[in-house]
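Dear colleague,

Please find the structure below, handed over for your review. My notes on it follow directly after.

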Amino acid sequence: MKREKYKQLFEVTWEKNEKTGKPRRVARYVGKRYAVDLAQRDRLRPWLLGEAAVAVAAFLAGGLINSMGSHCPWVMPFYGLSILPILYFTLAAVRVARLKSVVDEIALDGSVFSARRCAAGMLVLGGLWTAADAVFLLYYGSAGQLGRELAFLAGGLAIAVAGGLALRQLKALQPQEIPQ
(Lines give C-alpha, C1' and ligand atoms only; values in the text may rest on other atoms or scores of the structure.)
Protein backbone atom coordinates (compact mmCIF):
# COMPACT_ATOMS: atom_id res chain seq x y z
CA MET A 1 0.00 0.00 0.00
CA LYS A 2 1.05 3.59 -0.48
CA ARG A 3 0.96 4.25 3.23
CA GLU A 4 3.78 1.78 3.83
CA LYS A 5 5.72 3.21 0.90
CA TYR A 6 5.31 6.76 2.19
CA LYS A 7 6.23 5.80 5.77
CA GLN A 8 9.67 4.75 4.53
CA LEU A 9 10.26 8.23 3.12
CA PHE A 10 10.28 9.79 6.59
CA GLU A 11 12.58 9.50 9.57
CA VAL A 12 10.83 9.87 12.91
CA THR A 13 12.79 11.15 15.92
CA TRP A 14 11.98 12.46 19.36
CA GLU A 15 13.05 15.96 20.34
CA LYS A 16 12.59 17.97 23.48
CA ASN A 17 10.10 20.82 23.14
CA GLU A 18 11.91 23.94 24.37
CA LYS A 19 8.76 25.67 25.60
CA THR A 20 7.23 22.84 27.61
CA GLY A 21 10.19 20.57 28.18
CA LYS A 22 8.17 17.55 27.02
CA PRO A 23 9.38 15.25 24.28
CA ARG A 24 7.67 15.53 20.90
CA ARG A 25 7.77 13.37 17.82
CA VAL A 26 9.27 14.99 14.70
CA ALA A 27 9.14 13.52 11.18
CA ARG A 28 11.74 14.59 8.62
CA TYR A 29 11.57 13.79 4.92
CA VAL A 30 14.55 11.66 3.82
CA GLY A 31 13.30 10.47 0.42
CA LYS A 32 14.38 11.56 -3.03
CA ARG A 33 13.73 15.03 -4.38
CA TYR A 34 13.08 15.83 -8.02
CA ALA A 35 13.60 18.90 -10.22
CA VAL A 36 10.71 19.88 -12.47
CA ASP A 37 11.26 21.85 -15.67
CA LEU A 38 9.04 24.88 -15.01
CA ALA A 39 9.06 25.97 -18.66
CA GLN A 40 7.68 22.58 -19.70
CA ARG A 41 5.13 22.71 -16.87
CA ASP A 42 4.01 26.15 -17.97
CA ARG A 43 3.58 24.92 -21.55
CA LEU A 44 1.47 21.98 -20.35
CA ARG A 45 -0.66 23.92 -17.86
CA PRO A 46 -3.34 25.32 -20.23
CA TRP A 47 -3.52 22.08 -22.21
CA LEU A 48 -4.01 19.84 -19.19
CA LEU A 49 -6.59 22.11 -17.61
CA GLY A 50 -8.38 22.41 -20.95
CA GLU A 51 -8.42 18.64 -21.42
CA ALA A 52 -9.81 18.22 -17.92
CA ALA A 53 -12.55 20.77 -18.67
CA VAL A 54 -13.42 19.03 -21.95
CA ALA A 55 -13.64 15.66 -20.22
CA VAL A 56 -15.87 16.99 -17.42
CA ALA A 57 -18.10 18.78 -19.94
CA ALA A 58 -18.36 15.68 -22.14
CA PHE A 59 -19.29 13.52 -19.16
CA LEU A 60 -21.93 15.98 -17.95
CA ALA A 61 -23.34 16.41 -21.46
CA GLY A 62 -23.50 12.63 -21.86
CA GLY A 63 -25.49 12.43 -18.65
CA LEU A 64 -27.91 15.14 -19.71
CA ILE A 65 -28.60 13.52 -23.09
CA ASN A 66 -31.41 11.03 -22.69
CA SER A 67 -30.32 8.57 -25.35
CA MET A 68 -31.24 4.92 -25.66
CA GLY A 69 -27.57 3.93 -25.54
CA SER A 70 -27.13 5.45 -22.10
CA HIS A 71 -29.67 2.95 -20.73
CA CYS A 72 -28.03 -0.06 -22.39
CA PRO A 73 -26.49 -2.56 -19.93
CA TRP A 74 -23.21 -2.82 -21.84
CA VAL A 75 -22.77 0.93 -22.42
CA MET A 76 -23.81 2.30 -19.02
CA PRO A 77 -20.94 0.76 -16.97
CA PHE A 78 -18.28 2.42 -19.13
CA TYR A 79 -20.09 5.74 -18.90
CA GLY A 80 -20.60 5.42 -15.15
CA LEU A 81 -17.04 4.38 -14.37
CA SER A 82 -15.51 7.09 -16.52
CA ILE A 83 -16.28 9.69 -13.85
CA LEU A 84 -13.52 8.32 -11.60
CA PRO A 85 -10.52 8.91 -13.88
CA ILE A 86 -12.05 12.20 -15.06
CA LEU A 87 -12.34 13.62 -11.54
CA TYR A 88 -8.96 12.33 -10.41
CA PHE A 89 -7.35 13.60 -13.62
CA THR A 90 -8.84 17.03 -12.96
CA LEU A 91 -7.37 17.05 -9.44
CA ALA A 92 -3.99 15.82 -10.71
CA ALA A 93 -3.96 18.40 -13.53
CA VAL A 94 -4.46 21.17 -10.97
CA ARG A 95 -1.60 19.71 -8.91
CA VAL A 96 0.65 19.55 -11.99
CA ALA A 97 -0.20 23.16 -12.76
CA ARG A 98 0.90 24.16 -9.23
CA LEU A 99 4.16 22.14 -9.07
CA LYS A 100 7.21 23.86 -7.63
CA SER A 101 10.68 23.60 -9.13
CA VAL A 102 11.74 21.00 -6.52
CA VAL A 103 9.26 18.35 -5.36
CA ASP A 104 9.36 15.22 -3.24
CA GLU A 105 8.18 11.74 -4.21
CA ILE A 106 4.77 12.20 -2.60
CA ALA A 107 4.00 15.38 -4.55
CA LEU A 108 5.28 13.80 -7.76
CA ASP A 109 3.17 10.68 -7.26
CA GLY A 110 0.07 12.77 -6.52
CA SER A 111 0.51 14.99 -9.56
CA VAL A 112 2.45 13.78 -12.60
CA PHE A 113 2.17 10.03 -12.10
CA SER A 114 -1.45 10.24 -10.99
CA ALA A 115 -2.31 12.37 -14.02
CA ARG A 116 -0.67 9.79 -16.30
CA ARG A 117 -2.63 6.91 -14.77
CA CYS A 118 -5.91 8.82 -14.93
CA ALA A 119 -5.31 9.93 -18.52
CA ALA A 120 -4.77 6.29 -19.46
CA GLY A 121 -8.01 5.40 -17.64
CA MET A 122 -9.86 8.14 -19.52
CA LEU A 123 -8.48 6.84 -22.81
CA VAL A 124 -9.52 3.26 -22.09
CA LEU A 125 -12.96 3.95 -20.61
CA GLY A 126 -13.79 6.62 -23.20
CA GLY A 127 -12.77 4.22 -25.97
CA LEU A 128 -14.85 1.41 -24.48
CA TRP A 129 -17.81 3.77 -24.07
CA THR A 130 -17.50 4.83 -27.72
CA ALA A 131 -17.10 1.26 -28.98
CA ALA A 132 -20.00 -0.07 -26.90
CA ASP A 133 -22.29 2.75 -28.03
CA ALA A 134 -21.28 2.18 -31.67
CA VAL A 135 -22.15 -1.51 -31.30
CA PHE A 136 -25.47 -0.50 -29.75
CA LEU A 137 -26.20 1.81 -32.68
CA LEU A 138 -25.34 -0.87 -35.23
CA TYR A 139 -27.32 -3.58 -33.46
CA TYR A 140 -30.45 -1.70 -32.33
CA GLY A 141 -30.44 1.42 -34.49
CA SER A 142 -31.21 4.90 -33.28
CA ALA A 143 -34.99 4.54 -32.79
CA GLY A 144 -35.51 7.95 -34.31
CA GLN A 145 -32.98 9.62 -31.99
CA LEU A 146 -29.91 9.63 -34.20
CA GLY A 147 -28.83 13.11 -33.06
CA ARG A 148 -28.97 12.15 -29.39
CA GLU A 149 -27.17 8.87 -30.00
CA LEU A 150 -24.39 10.53 -31.97
CA ALA A 151 -24.01 13.24 -29.32
CA PHE A 152 -23.72 10.56 -26.61
CA LEU A 153 -21.18 8.69 -28.75
CA ALA A 154 -19.24 11.94 -29.30
CA GLY A 155 -19.04 12.44 -25.53
CA GLY A 156 -17.22 9.15 -25.10
CA LEU A 157 -14.98 9.95 -28.04
CA ALA A 158 -14.15 13.38 -26.58
CA ILE A 159 -13.13 11.78 -23.28
CA ALA A 160 -10.96 9.21 -25.06
CA VAL A 161 -9.27 11.89 -27.17
CA ALA A 162 -8.69 14.15 -24.16
CA GLY A 163 -7.14 11.24 -22.27
CA GLY A 164 -4.92 10.28 -25.19
CA LEU A 165 -3.70 13.84 -25.71
CA ALA A 166 -3.04 14.31 -22.00
CA LEU A 167 -1.14 11.04 -21.81
CA ARG A 168 1.02 12.04 -24.76
CA GLN A 169 1.73 15.49 -23.30
CA LEU A 170 2.49 14.18 -19.81
CA LYS A 171 5.18 11.85 -21.15
CA ALA A 172 7.16 14.97 -22.07
CA LEU A 173 7.22 16.09 -18.42
CA GLN A 174 10.12 14.09 -16.98
CA PRO A 175 11.23 15.21 -13.51
CA GLN A 176 14.96 14.70 -12.87
CA GLU A 177 16.20 13.24 -9.60
CA ILE A 178 18.35 15.60 -7.57
CA PRO A 179 21.40 13.93 -6.02
CA GLN A 180 21.51 14.30 -2.24
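Axes here are lines fitted to C-alpha atoms, for helices over the stretch in contact, and angles run from 0 to 180 degrees between N-to-C directions. Helices (H or I, at least four residues) and strands (E, at least two) are DSSP runs, numbered from the N terminus. This is a predicted model, in which local features need pLDDT of at least 70 and side-chain atom pairs count only at pLDDT 80 or more, while totals for chains, interfaces and linings use all residues. Residues are numbered from 1 along each chain as its sequence is written, and side-chain values use heavy atoms, with hydrogens and water left out.

The axes of helix α2 (residues 38-64) and helix α6 (residues 146-170) cross at roughly 160° and come within 9 Å. The two helices are therefore roughly antiparallel (an angle over 145 degrees). Their contact (heavy atoms within 4.5 Å) involves residues including Trp47 and Phe59 of α2 and Phe152 and Ile159 of α6. By class, the contact residues comprise 14 nonpolar, three polar and one charged; Ala, Val, Leu, Ile, Met, Phe, Trp, Tyr, Cys and Pro count as nonpolar, Asp, Glu, Lys and Arg as charged, and the others, Gly among them, as polar.

Helix α6 also meets helix α5 (residues 105-140): their axes come within 7 Å and cross at roughly 155°. This crossing makes α5 roughly antiparallel to α6. The contact of α5 with α6 has 19 nonpolar, seven polar and three charged residues.

Strands β1 (residues 10-16) and β2 (residues 23-29) run antiparallel and are joined by seven bridges (pairing requires at least two bridges found by DSSP). Trp14 has Arg25 of β2 as its bridge partner. Six residues lie between the strands of this hairpin, where Gly21 takes a positive phi near 85°.

With kind regards

Notes
Parallel < 35°, antiparallel > 145°, perpendicular 65-115°, else oblique.
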